[in-house]
Amino acid sequence: MIGKRILSTLAHRLAILAYVAFALFPLYWLLKVSVTPNNLLYSEGIRMWPSQTSFEHFEFVLRHSEFPTFFKNSLIVSGSTAIIVTALASLAGYAMSRFNFRGKYWIVTLMLLTQMFPLVMLVAPIFKILSPLGLTNSLTGLVIVYTAFNVPFATFLMQSFFDGIPKDLEEAAMIDGATQFVAFRQIILPLTLPGIAATLGFVFTAAWSELLFSLMLISGNDAATFPVGLLSFVSKFSVDFGQMMAAGVLALIPACLFFLLIQRYLVQGLTAGAVKG
Amino acid sequence: MDSLAARDRGSRRDQRPLTQRLADASAPYLYSAPALILIVAVMLVPLVLGISYAFRDIQLLNPFSGGFIGLDHFKVLSQDENFYRALRNTLWWTGWSVLLQFVFGLFLALLLDKPFHGRAIVQALVFLPWAVPSFLAGLNWSWLFNPVVGPLPHWAYALGLMSEPANILSDPQLSMWGPIIANVWWGIPFFAITLLAALQAIPRDLYEAASIDGAGPVQRFISITLPFLAPTIAITVLLRTVWISNFADLIIVMTNGGPADRSQIVASYIFTQAFKRLDFGYASAIALVLLVLLITYSLLIVVLRQWLVSKD
């Protein structure tokens, strides 16, 4: 009996170990190649750790390439998108959570539908609309597009956070003479701060990862975001594996930071988005 | 008495000034207006415009294009071998990705449902792939498959699975599997997180009662865990199917649909037409077909759900 239990515990731990190895191995390899000096890259191809390590690739990427610009552009786009989306979504989410109104059903349906249909359909028409407005090849254009794409999901997420706060709070404030908006701003919003942080994190991660629209809308290097810059670097210098992977490691850093931030809210975020990656 | 009180309350509400009542009624619309305006302007308007493109000749590099051409795009499309292959590939890509993500995700959720030392850290580590941006996940896996810097071809060769260390992404027969494997790696956490949440909502005393009654672990899984998970499984799998069938990032990054359009799915085919060939009209025609297919799929699900509900 005891032997059987030890055996099953052992199998459990081994299975867990296999999952951790599978999840981390690609990232480990990325890191490994990025610190392997060029002269060892091919001779020690599949060794688990190079006999010498160096940061030459990181130095090159940070000093002599345009990746710092790409990184800055991505940071601007993702950061602005996250802030604007969270502001709009707190307002809309509050309406969904606190009011019963005739148009609510239609608004919810509209927002759900936007989560279901293939966004790739919009690549061509959005390009056609933004191009005469001078919003292609511009960070502003990307922010506008990403904001619209992320608002529905963020609204559902914020609604779920507002639903968790008792209604009595603002009712009490309103009896004391505050308008509903004042009650919302001064009482409800501060209580939702963790939810706001989670929404910021989710939207930032989504905007940081977006690929197709940035490829389509951005062509020059000046406004290139990280994915655009990295992919054009890959197609141009496809043999500089060390540098590409060093750039990849850099792209991973903000994503991992925000992952740590939103980890507690993963379940809520995934069920609110339901269809969001 | 009651009706009098009600009438009294009613008349008191009527005594509020008209502007006040208007303001109250419009409040929820004012809160949601900025979000709605943006959604309509950036998603609905382009959607309608895109549908109209499907019937027009729109090529970015040709200034004389733009005319109405009726169903011409669809006639070309019905003869397009690459489109039919992309359709078959979409089924293949979606089916295997969802199946493998679900099976491995469920198994991971069951493993994490048991308390053990260091569970929090293990959970953070195995969920980490979800946080990796999709373009980076794609690049990372295409490097792993590359025999120059990646170990996978060499391992496959050592195990006798390959006659020489080759890149499966450039093999027309196998190239589809590269993005599928990357997608499974990237998507397991999504299923695991959702299913783990559902697992932890199952009342623990049910399991205790069942084991007192002598039910073994397999029996407990079949008669307690599965029925409780069924609604979550159904909704997650159905929604995920739609999402993954539209998910072109990994394919664009890893194979670009190649070699020779062998790993193209419909979504990536649309993107290739719009982005590489700049043929917005044809791209929109394919997109319209995809939209109709997805709507049909969603309607089927709704009908199926109605039927299941009415059967109970």
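Hi everyone. Let me start with a cut-off: a residue is called exposed when its relative accessible area is over 50%, and buried when that value is under 20%. Keep those two numbers in mind, as they come back several times. Also, please remember that what you see here is a predicted model.

B:Ala260 has a relative accessibility of 65%, so it counts as exposed. Its backbone is worth a look too: phi is positive, about 50°, although B:Ala260 is not a glycine. And where does B:Ala260 lie? You will find it in the loop that runs between helix 11, residues 249-254, and helix 12, residues 266-275, of chain B.

There is another residue of this kind in chain B. B:Leu278 is not a glycine, and its phi is positive, near 55°. Its place is the loop between helix 12 and helix 13, the latter being 280-311. Is B:Leu278 buried or exposed? Its relative accessible area is 18%, and because the cut-off for buried is under 20%, B:Leu278 counts as buried. So we have a positive phi in an exposed alanine, B:Ala260, and a positive phi in a buried leucine, B:Leu278.

While we are around helix 11, let me point at B:Asp249, which is found in that helix of chain B. With a relative accessibility of 11%, B:Asp249 counts as buried. What does B:Asp249 touch, if we leave aside its neighbours within four places in sequence? The list is A:Ser209, A:Leu211, A:Leu212 and B:Ser134.

Now let's zoom out to chain B as a whole. Chain B has 13 helices and zero strands, so if you read the elements from the N terminus on, you just say alpha every time. For 312 residues, a compact globule would have a radius of gyration near 20 Å, whereas chain B has 27 Å. Along the principal axes, the C-alpha atoms fill a box of roughly 90 × 75 × 40 Å. How much of chain B is buried? Buried residues make up 48% of the 312.

A few numbers on contacts and surface, for those of us who like them. Take the contacts in chain B with a separation of 6 or more: 64% of them come from residues 24 or more positions apart. On charges, chain B has 20 positive and 18 negative ones, and their mean positions are 5 Å apart.

Next, domains. In chain B, the assignment gives domain 1 as 2-53 and domain 2 as 72-311. The centres of these two, taken over C-alpha atoms, are separated by 40 Å. In chain A, the assignment gives domain 1 as 2-54 and domain 2 as 66-273, with the C-alpha centres 33 Å apart. The contact between the two domains of chain A takes eight residues from domain 1 and eight residues from domain 2.

Last stop, helix 6 of chain A, residues 123-130. Why call this helix largely enclosed by the rest of the structure? Because six of its eight residues are buried. If you want to click on them, they are A:Val123, A:Ala124, A:Pro125, A:Ile126, A:Phe127 and A:Leu130.

Conventions. Residues are numbered from 1 along each chain as its sequence is written. Chains are lettered from A and ligands numbered from 1 in the order in which they are written. This is a predicted model: local features need pLDDT of at least 70, side-chain atom pairs count only at pLDDT 80 or more; totals for chains, interfaces and linings use all residues. Side-chain values use heavy atoms; hydrogens and water are left out. Helices (H or I, at least four residues) and strands (E, at least two) are DSSP runs, numbered from the N terminus. Buried means under 20% relative accessible area, exposed over 50%, partly exposed in between (1.4 Å probe, protein chains only). The radius of gyration is taken over C-alpha atoms; the globule rule is 2.2 Å times the number of residues to the power 0.38. Contact means heavy atoms within 4.5 Å. Lys and Arg count as positive and Asp and Glu as negative; His and the chain ends are not counted. The place of a charge is taken as NZ of Lys, CZ of Arg, CG of Asp or CD of Glu. Domain bounds come from an automatic or database domain assignment.
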